[in-house]
Amino acid sequence: MRLHINGETYDLEVATMADVVHHFQLQKGLVATELDGTIIDRDRWDDTELRDGMKIELVQFVGGG
Amino acid sequence: MNDVLTIGGKQFDSRLFLGTGRYPNPFVQNQSIEASEAEVLTFAIRRVNLNSPDEDAILQHLGDKTFQYLPNTSGATSAEEAVRIAKLARSSGLSNWIKIEVSRNDKTLLPDPIETVKATEILANDGFVVLPYTSDDPALCYRLQEAGAAAVMPGGSPIGTGLGILNPYNIELITEELTVPVIVDAGLGSAADVTKAMELGADGVLLNTAIAKARNPVKMAEAVKHAIKAGRLSYLSGRIPKKKYATASSTVNYISK
């Protein structure tokens with residue numbers, strides 16, 4: 001399905017948010033996610049189903065002051 | 001000396017909040033953190049670079065030691081954006097502390113006071129431990145305390161400038177008037193600036209560039225650790241009043257001539 005992730009468009013074989021995190025091989029404990037403007041907590045990744053055209057943000061802690 | 005700092009119900013032996021940006025490499029960063037004995041580390045929240053996810057993921061370098069993580073809302077230009085970033089940070093499960101940082105000026109990065117108060121109010125009501133970075137205005141700092149800030153963090157001077165404390169009068173008024181801890185954040189450039197902040201009654205300091213960009217970050221981290229202790233002890237001991245003319249240290253009687 002076609003997804004907009006961090007401002008880029010991707011065609012991915014995924015069904016849930018957990019699949020997306022897995023697809024990019026992200027470390028689960030370090031990433032926070034947003035789906036169409038709504039934050040999705042980690043314990044809901046497995047049952048958050050995605051649809052074509054959805055917007056996803058994947059963010060993490062980086063160096064800062 | 002039993003002189004702990006308490007914020008949001010947590011106690012700290014160290015009065016240093018250390019930033020994690022701009023170090024030459026992760027090894028020097030970790031050595032600096034260790035030398036500083038900081039217990040609170042600050043971070044920013046950014047999009048994962050999906051072409052190279054591990055590149056910026058700072059936490060994977062930190063090892064096993066337990067720190068209090070203090071993510072910031074840098075990049076936010078409004079209370080709304082700061083609230084969004086704060087909630088994303090909390091959903092990481094790593095921390096419910098948030099440093100509010102809202103700026104609408106890329107040149108000075110000075111905090112926007114109105115948006116900062118708004119964001120503080122919203123996030124404090126939502127259960128966050130809120131530490132707003134703010135300008136050094138005593139009335140504004142007081143309003144942030146009323147809005148629910150767990151600590152208030154006035155800047156000494158703009159972020160990354162190393163200009164030190166431009167308005168010591170204001171910083172001292174703020175430390176006198178607030179009942180929540182005051183952390184002097186931003187602009188401190190050396191151990192001397194840090195000691196000055198602590199002598200003005202600050203409960204702690206937040207540094208990043210002064211350590212990360214020092215010629216020797218690890219040694220500067222150690223210097224800052226000592227500077228905090230020196231300044232804190234000096235503040236608690238009470239400086240002498242300033243006078244215009246001399247007072248001899250020894251009596252002038254009984255001089256043999």
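Modeller: Axes are lines fitted to C-alpha atoms, for helices over the stretch in contact, and angles run from 0 to 180 degrees between N-to-C directions. Helices (H or I, at least four residues) and strands (E, at least two) are DSSP runs, numbered from the N terminus. This is a predicted model, in which local features need pLDDT of at least 70, side-chain atom pairs count only at pLDDT 80 or more, and totals for chains, interfaces and linings use all residues. Residues are numbered from 1 along each chain as its sequence is written, chains are lettered from A and ligands numbered from 1 in the order in which they are written, and side-chain values use heavy atoms, with hydrogens and water left out.

Biologist: Why are H6(B) and H8(B) called roughly parallel?

Modeller: The axes of H6 (residues 191–199) and H8 (residues 217–237) of chain B cross at roughly 25° and come within 7 Å. Angles under 35 degrees count as roughly parallel, over 145 as roughly antiparallel, 65 to 115 as roughly perpendicular and the rest as oblique. H6(B) and H8(B) are therefore roughly parallel.

Biologist: What makes Arg47(B) partly exposed?

Modeller: Arg47(B), in strand S4 (residues 40–47) of chain B, has a relative accessible area of 43%. Buried means under 20%, exposed over 50%, and partly exposed in between (1.4 Å probe, protein chains only), so Arg47(B) is partly exposed.

Biologist: How do you know that a polar contact joins the side chains of Arg47(B) and Glu57(A)?

Modeller: A polar contact is a pair of N or O atoms within 3.5 Å; within protein, one must be able to donate a hydrogen and the other to accept it, and residues adjacent in sequence count only if both atoms are side-chain atoms. The contact between the side chains of Arg47(B) and Glu57(A) is 2.8 Å. The side chain of Arg47(B) also reaches the backbone oxygen of Asn6(A), at 3.3 Å.
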